[in-house]
Amino acid sequence: AGRGASRFRGVCKANGGKGAKPWAANIHVTEDGKRRKIHIACFAREEDAARAYDRVNIAKLGHAKAPTNFPITEYRDEWTELETQGVDEVVACERRRAHRMR
């Protein structure tokens, strides 16, 4: 693993790993044939960033197809809501969650 690498999918070091929230969650989406990267949010804990990625990936692909960092069963209570909201709304929710985690 490189300097900015995380052991989790969709997570890397932000700001050179410095500051109160050194872990960034990002995901790639394809819209109208164009691939783009969405910055989800920055977190103090690597695991929180990984869970944010997981939730957005479930919104993107559905719980049956989304590869996640933690067992998919951990998100069972949220599946329907995540899949109904869609990527943009779940990203907004994760940003609010990250903001509250000071």
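Is Glu47 buried, exposed or partly exposed? Glu47 counts as partly exposed, at 23% relative accessibility, where buried means under 20% relative accessible area, exposed over 50%, and partly exposed in between (1.4 Å probe, protein chains only).

## Model and conventions

The model is predicted: local features need pLDDT of at least 70, side-chain atom pairs count only at pLDDT 80 or more, and totals for chains, interfaces and linings use all residues. Residues are numbered from 1 along each chain as its sequence is written, and side-chain values use heavy atoms, with hydrogens and water left out.

## Overall fold

The chain has 3 helices and 3 strands; these are DSSP runs numbered from the N terminus, with helices being H or I of at least four residues and strands E of at least two. Read from the N terminus on, the elements follow the order β-β-β-α-α-α. The radius of gyration is 13 Å, close to the 13 Å that the globule rule gives for 102 residues, so the chain is as compact as a globular protein of that length. That radius is taken over C-alpha atoms, and the globule rule is 2.2 Å times the number of residues to the power 0.38.

Along the principal axes, the C-alpha atoms fill a box of roughly 35 × 30 × 25 Å. Of the 102 residues in the chain, 41% are buried. Contact here means heavy atoms within 4.5 Å. Among contacts between residues at least 6 apart in sequence, 42% join residues at least 24 apart.

## Helix α1

Helix α1 covers residues 46-61, which is 16 residues. From its first C-alpha to its last it reaches 22 Å, close to the 22 Å expected at 1.5 Å a residue; the expected span is 1.5 Å times one less than the number of residues. Just after α1, Gly62 takes a positive phi of about 90°.

In α1, 12 of the 16 residues are buried, so the helix is largely enclosed by the rest of the structure. Among them are Ala49, Ala50, Tyr53, Asp54 and Ile58. The cover over the buried residues includes the strands β1 (11-13), β2 (23-31) and β3 (34-43) and the helices α2 (79-85) and α3 (87-100).

## Nonpolar core

A nonpolar core is a set of buried Ala, Val, Leu, Ile, Met, Phe, Trp, Tyr and Cys residues joined through side-chain atoms within 4.5 Å. The largest one has 26 residues, of which Ile40, Phe43 and Val56 touch the most other members. Elements giving two or more residues to this core are β2, β3, α1, α2 and α3. Helix α1 gives the most, with 7 residues.

Leaving aside neighbours within four places in sequence, Val56 is in contact with Ile27, Ile40, Val87, Val90, Val91 and Glu94. Asn57 also lies in helix α1 and counts as buried, at 2% relative accessibility.

Side chains of opposite charge can pair when their charged atoms come close. A salt bridge is a side-chain nitrogen of Lys or Arg within 4 Å of a carboxyl oxygen of Asp or Glu, and the whole structure has 9 of them. In one, Arg7 pairs with Glu47, the closest N and O atoms being 2.8 Å apart. Arg7 lies in the segment before β1 and Glu47 in helix α1, so the pair ties together parts that are 40 residues apart in sequence. Arg7 counts as exposed, at 59% relative accessibility.

Glu46, found in helix α1, is buried, with a relative accessible area of 10%. A polar contact of 2.9 Å joins the side chains of Glu46 and Arg7. Such a contact is a pair of N or O atoms within 3.5 Å; within protein, one must be able to donate a hydrogen and the other to accept it, and residues adjacent in sequence count only if both atoms are side-chain atoms. Beyond its neighbours within four places in sequence, Glu46 is in contact with Ser6, Arg7, Phe8, Val11 and Trp23.

Glu94 forms a salt bridge with Arg55, with the closest N and O atoms 3.7 Å apart. Glu94 lies in helix α3 and Arg55 in helix α1, so the pair ties together parts that are 39 residues apart in sequence. Both Glu94 and Arg55 are buried.

Glu94 also meets Arg97 in a salt bridge (3.1 Å, N to O). Being 3 residues apart in helix α3, Glu94 and Arg97 are separated by about one helical turn. Arg97 is partly exposed, with a relative accessible area of 26%. Arg55, Glu78, Glu94 and Arg97 are linked in a network of salt bridges.
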